[in-house]
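In these entries I record what I looked up in one protein structure, and in what order. I begin with the chain as a whole and then turn to single elements and residues.

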Amino acid sequence: MISLTVMAITFGVIFLAELPDKTALAGLMLGTRYRASYVFAGVAAAFAVHVALAIAAGSVLTLLPHRLVQAVVGVLFLAGALMLLLKKDDGEEESIKAPADQSFWKVSGAGFMLILVAEFGDLTQIMTANLAARYDNPLSVGVGAVLALWAVAGIGILGGRTLMKYVPLKLITKVAACLMLALAGFSLFEAITG
């Protein structure tokens with residue numbers, strides 16, 4: 001059964017955590033060089049694979065005792081929030097290897113491989129697994145996470161620079177960290193009192 005509340009929470013957390021990530025910039029760079037729909041197809045497919053892996057990992061966590069899962073999830077949310085708050089922008093850009101031609105398969109394949117490699121074990125994949133364990137509703141978490149990642153990819157591909165002119169990256173990062181801190185506190189509270 002799909003829960004709109006769980007989907008919305010997942011969407012918000014994952015969207016805000018992914019927005020300041022380098023993959024939005026990579027999508028923007030690919031989108032300026034190649035047909036946006038081709039790039040989005042590859043990027044969207046890679047994000048779907050990542051969410052499926054994260055949901056599987058989160059579902060395994062639900063097999064453990066509830067209090068232990070809540071404690072682990074709380075600590076991981078806390079770690080994610082600290083990573084966002086303490087990370088330094090080193091100005092590095094992903095090097096994107098240009099496909100030899102502009103065909104759908106070459107361009108979407110380049111987008112797929114870039115995201116598949118760059119996002120493996122990324123904060124948003126870990127957060128998706130945490131949310132799947134936290135809410136024990138893999139379908140709602142999966143849909144919310146995929147939609148959030150696709151939204152960020154679309155924004156990055158179609159106009160990330162414009163958004164960043166109006167919304168400072170530091171603000172987005174701080175809002176995402178605050179949401180994760182709230183989820184960490186709630187999960188740890190449940191672990192202690194539950």
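**Entry 1: a residue of α4, and the ground rules**

I began with Val 72, which lies in helix α4. Helices here are DSSP runs of H or I with at least four residues, strands are runs of E with at least two, and both are numbered from the N terminus. Val 72 counts as partly exposed because its relative accessibility is 33%. The classes are buried at under 20% relative accessible area, exposed at over 50%, and partly exposed in between, with a 1.4 Å probe and protein chains only.

I noted that this is a predicted model, in which local features need pLDDT of at least 70 and side-chain atom pairs count only at pLDDT 80 or more, while totals for chains, interfaces and linings use all residues. Residues are numbered from 1 along each chain as its sequence is written, and side-chain values use heavy atoms, with hydrogens and water left out.

**Entry 2: the surface patch**

Val 72 belongs to a nonpolar patch on the surface, together with Leu 64, Leu 68, Leu 76 and Ile 126. The accessible area of these residues together is about 360 Å². I recorded how a patch is made: its residues have over 30% relative accessible area and no salt bridge, with like charges joined within 9 Å and nonpolar side chains (Val, Leu, Ile, Met, Phe, Trp, Tyr) within 5 Å. A salt bridge is a side-chain nitrogen of Lys or Arg within 4 Å of a carboxyl oxygen of Asp or Glu. Accessible areas come from the Shrake-Rupley method with a 1.4 Å probe, and for residues only the protein chains shown count as cover. With three residues, α4 gives the most to the patch.

**Entry 3: the whole chain**

How many helices and strands does the protein chain have? I found eight helices and zero strands. The chain has 194 residues, and 45% of them count as buried. It exposes about 9900 Å², of which carbon and sulfur atoms supply 70%. I then looked at contacts, meaning heavy atoms within 4.5 Å. Among those between residues at least 6 apart in sequence, 92% join residues at least 24 apart.

**Entry 4: the core**

I next examined the largest nonpolar core, which holds 36 residues. Such a core is a set of buried Ala, Val, Leu, Ile, Met, Phe, Trp, Tyr and Cys residues joined through side-chain atoms within 4.5 Å. Which residues touch the most other members? They are Ile 14, Val 39, Phe 77 and Leu 131. At least two core residues come from each of α1 (4-18), α3 (36-61), α4 (66-86), α5 (104-118), α6, α7 and α8 (169-193). The most come from α7, which gives eight.

**Entry 5: Ile 14 in α1**

Ile 14 is found in helix α1. Is Ile 14 buried or exposed? At 0% relative accessibility, Ile 14 counts as buried. Other buried residues of α1 include Val 6, Met 7, Thr 10 and Val 13. Beyond its neighbours within four places in sequence, Ile 14 is in contact with Thr 124, Met 127, Thr 128, Leu 131, Ala 145, Ala 148 and Leu 149. Ile 14 and Leu 131 are 117 residues apart along the chain, yet their C-alpha atoms are separated by 9.7 Å.

Thr 124, a contact of Ile 14, lies in helix α6. Thr 124 is buried, at 3% relative accessibility. Not counting residues up to four places away in sequence, Thr 124 touches Ile 14, Ala 17, Glu 18, Glu 119 and Leu 149.

Why is α6 described as largely enclosed by the rest of the structure? Eleven of its 13 residues are buried, so this description applies. I also checked its length: at 1.5 Å a residue, α6 should span 18 Å, and its end C-alpha atoms are 18 Å apart, which agrees. The expected span is 1.5 Å times one less than the number of residues.

In the loop between α5 and α6 I found Gly 121, which is partly exposed at 44% relative accessible area. Gly 121 and Ala 54 are 67 residues apart in sequence and 9.0 Å apart in space, C-alpha to C-alpha.

Asp 136 is in the loop between α6 (123-135) and α7 (138-166). Its phi is positive, near 50°, in a residue other than glycine. Most residues other than glycine have a negative phi. Asp 136 is exposed, with a relative accessible area of 53%.
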